[in-house]
Amino acid sequence: GAAEAYAIAHDAQGAATVAGRTWSPNFPTTPGAFDTSFNGVNDSFVTRLDMLPTGVSAFGRSSPGCTGPLAISVTSMPRVGNATFALTCGNAAPNTPGLLALAAAGLTTPIPVLGVDIWLDPFSAFFVTLGANSDARGACEFGLPIPNQPWFARRRLIAQFVWAGPNSPQPCPPLGLSASNALDITMQP
């Protein structure tokens with residue numbers, strides 16, 4: 001059967017929520033869905049898609065900047081030998097400096113630092129910060145090529161962006177700092 005989407009909303013964590021109708025008796029549903037039965041013509045649906053590739057999951061929450069929550073994502077699947085793999089972030093203040101923090105482990109409860117939530121464990125096996133800059137649109141793409149070395153498979157990496165920006169006007173954060181939620185990345189073979 002056919003299906004039509006009538007509305008799509010994209011959130012700061014990179015997920016898309018789609019609402020529409022279907023005429024399909026086998027429209028895909030997940031366990032725990034509100035209603036998985038086919039009720040005839042013009043069945044409504046609401047579907048949430050996380051939009052992240054295999055090996056990547058988002059966790060935590062963003063500490064919003066002047067333009068709202070920060071959107072962290074990736075450009076492709078984190079696969080061994082992926083020379084074009086990159087982390088992205090949107091909704092930062094335009095043309096501002098920031099940091100990309102990488103760690104071996106994440107936290108279930110954030111560490112609050114100067115008004116932002118840090119979701120990376122600074123005491124994990126490694127913790128690295130790298131300089132980043134947003135462009136005129138407040139976006140950043142940070143290349144992290146994955147070497148073509150088999151031992152990278154199944155290695156984990158936790159990533160989070162932190163940005164400096166203006167502290168006024170409202171709704172800019174009082175100290176001018178904002179941070180994305182975090183990504184848990186597992187390298188795929």
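1. Two strands count as paired if DSSP finds at least two bridges between them; strands (E, at least two residues) are DSSP runs, numbered from the N terminus. The model is predicted: local features need pLDDT of at least 70, side-chain atom pairs count only at pLDDT 80 or more, and totals for chains, interfaces and linings use all residues. Residues are numbered from 1 along each chain as its sequence is written, and side-chain values use heavy atoms, with hydrogens and water left out.

2. Strand β8 (residues 106-113) pairs with strand β9 (residues 116-120) in the antiparallel sense, over 4 bridges. Within this pairing, Pro112 has Asp117 of β9 as its bridge partner. The hairpin of β8 and β9 has 2 residues between the strands, and Leu114 there adopts a positive phi near 50°.

3. An open sheet is formed by 3 strands in the order β1-β2-β3, with antiparallel pairing. Its edge strands, β1 (3-10) and β3 (43-49), each pair on one side only. From one strand to the next, the twist averages 20°, with axes taken as lines fitted to C-alpha atoms and angles running from 0 to 180 degrees between N-to-C directions.

4. The antiparallel pairing of β1 with strand β2 (residues 16-22) extends over 7 bridges. Glu4 has Arg21 in β2 as its bridge partner.

5. The structure contains 4 aromatic pairs (rings of Phe, Tyr and Trp, the last by its six-membered ring, with centres within 6.5 Å; planes under 30 degrees apart count as stacked, over 60 as edge-to-face and the rest as tilted). The ring centres of Trp151 and Phe152 are 4.3 Å apart and their planes lie at 25°, so this pair is stacked. Phe152 is partly exposed, at a relative accessible area of 21% (buried means under 20%, exposed over 50%, partly exposed in between; 1.4 Å probe, protein chains only).
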